[in-house]
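Visitor: I'd like to learn how to read a two-chain model. Could you walk me through one?

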Amino acid sequence: MIKATVYVTVKQNVLDVQGSAVQGALHSLGFGEVNQVRIGKYLELKLDTSDKAEAEARVKTMCEKLLANTVIEDYRFELS
Amino acid sequence: MNFAVLVFPGSNCDIDCYKAVEDTIGQPVDFIWHTATDLSKYDAIIVPGGFSYGDYLRCGAISRFAPVMNEVIKAAQAGKFVLGICNGFQILLESGLLPGAMLRNRSLKFRCHSSLLRVENNTTPFTVDYEAGEVIDIPIAHGEGNYYCDEETLARLHSNKQIVFRYAHENPNGSLDDIAGICNEHGNVVGMMPHPERAVHQLLGSEDGKRMFTSVLKVWRERHGATVNS
C-alpha cells in the first residue's frame with residue numbers, strides 16, 4: 001500500500017481571495033508579520049499498489065484530470 | 001425543436017429551465033438524468049444551475065465526468081446548441097467545452113440579486129433577438145462566478161468575439177474583463193453565470209431572459225427551413 005499526499009493551491013499569479021481575507025484577519029489580530037496566506041486543499045489517497053514509479057505516474061494523471069484545475073491551481077504530491 | 005434539461009444530483013434550477021422553455025417558446029422539453037448515454041434526439045441541451053455533486057472538490061469538477069457529459073461534448077461538436085447557466089457554466093468550463101475557470105467571488109459573498117448585463121455579441125444562436133450593446137436585466141445567484149483565464153485565452157476571446165455578456169453596471173464577482181458569459185469559437189456553446197430562466201416574465205421582475213429562448217428557436221428554424229405559422 002502506498003499513501004499519496006496531494007496538495008492543491010491557487011496559482012501564485014491568481015488572486016487567492018480566501019487567503020487574502022485570512023491574511024487581513026491575522027493582521028487585525030496583531031500578526032502583522034503575515035506577508036501572504038495561500039489556502040489550498042490537502043488530499044490523502046491510499047493506493048492498492050507497491051509500484052512507486054507506476055503510482056507516481058498515475059497520481060500525476062489523477063491531479064491533471066480531476067484533483068486540480070490547472071487553469072487556476074498548482075499541485076504537488078508526496079508518496080510514502 | 002427538442003430541448004433537453006440535464007439533471008445532476010444537486011441541480012436545483014432544472015425545473016425553472018424546463019418551465020422557461022415551455023412558457024417562452026412552447027417546445028418539447030425533457031429532463032435528462034446525468035447517467036443518460038443518448039442525446040441524439042435533442043437539438044438543444046441546457047445544463048442548469050445548482051450545486052451538482054455538492055460542489056465537492058470544485059464546482060462542476062465531478063459532474064464533468066458524468067456519463068451524459070460525453071454526449072454533451074458530442075452534441076457540441078456536431079454543432080447542436082448547448083447553454084450552461086451558473087453551475088452549468090462551471091461544468092462546461094471544467095469539461096473543456098469553454099475556456100477558463102471559476103474562482104470564488106472576490107467579495108467572498110454569495111451574491112443573489114438582479115444584475116445588468118450588456119449584450120456584447122448578438123450573433124450567437126442564443127442572442128440573435130437582442131440588440132448589440134443592449135443592456136438587459138438578468139438575476140445572478142452564485143458564490144463562485146469570478147471568471148478567470150490566462151492572457152492568451154483572453155486575447156483569443158476578444159479576437160473571436162467570444163465574450164457574449166459583460167456586467168454593465170457593477171461587477172458582482174470580480175470576473176476578468178467584467179465577463180458574465182462567453183461562447184465557444186463556433187458560438188453554439190454558451191455559458192453564463194446569470195440566470196435567464198429566472199427572467200422570463202414581468203411577474204419575476206424582468207422578462208429580458210425570454211429572448212435567449214426565442215433566439216435559439218429562431219436560429220434552429222432558419223437552419224432547418226421550418227415554417228413559422230404564428
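**Burial, chain by chain**

Guide: In chain B, buried residues make up 54% of the 230 residues. A residue is buried if 20 or more other C-beta atoms lie within 10 Å of its own, exposed if 12 or fewer, and partly exposed in between, with C-beta atoms placed from the backbone. In chain A, 14% of the 80 residues count as buried.

Visitor: What sort of model is this, and how are residues and chains labelled?

Guide: This is a predicted model, where local features need pLDDT of at least 70 and side-chain atom pairs count only at pLDDT 80 or more, while totals for chains, interfaces and linings use all residues. Residues are numbered from 1 along each chain as its sequence is written, and chains are lettered from A and ligands numbered from 1 in the order in which they are written.

Visitor: What is the mean pLDDT of chain B?

Guide: pLDDT is the predictor's confidence in each residue, from 0 to 100. Where it is low, predicted coordinates should not be read in detail. For chain B the mean is 96, and 98% of its residues reach 70 or more. For the complex, the predictor gives an ipTM of 0.87 and a pTM of 0.94.

Visitor: How many helices and strands does chain A have?

Guide: Helices (H or I, at least four residues) and strands (E, at least two) are DSSP runs, numbered from the N terminus. Chain A has two helices and three strands, running β-α-β-α-β from the N terminus. Its radius of gyration is 16 Å, well over the 12 Å that the globule rule gives for 80 residues, so chain A is more spread out than a compact globule. That radius is taken over C-alpha atoms, and the rule is 2.2 Å times the number of residues to the power 0.38. Chain A's C-alpha trace spans about 50 × 25 × 15 Å along its principal axes.

Visitor: And what does the rule give for chain B?

Guide: A compact globule of 230 residues would have a radius near 17 Å, and chain B agrees at 16 Å. Chain B has five helices and eleven strands.

Visitor: Which residues have the most contacts inside the largest nonpolar core?

Guide: A nonpolar core is a set of buried Ala, Val, Leu, Ile, Met, Phe, Trp, Tyr and Cys residues joined through C-beta atoms within 7 Å. The largest has 75 residues, and the ones with the most contacts inside it are Ala4(B), Val5(B), Leu6(B), Ile45(B), Ile46(B) and Val82(B). Apart from that core lies another, of seven residues, including Val8(A) and Tyr75(A).

Visitor: Where is Gln12(A)?

Guide: Gln12(A) sits in the loop between strand E1 (2-10) and helix H1 (17-28) of chain A. Gln12(A) is exposed, with 9 other C-beta atoms within 10 Å.
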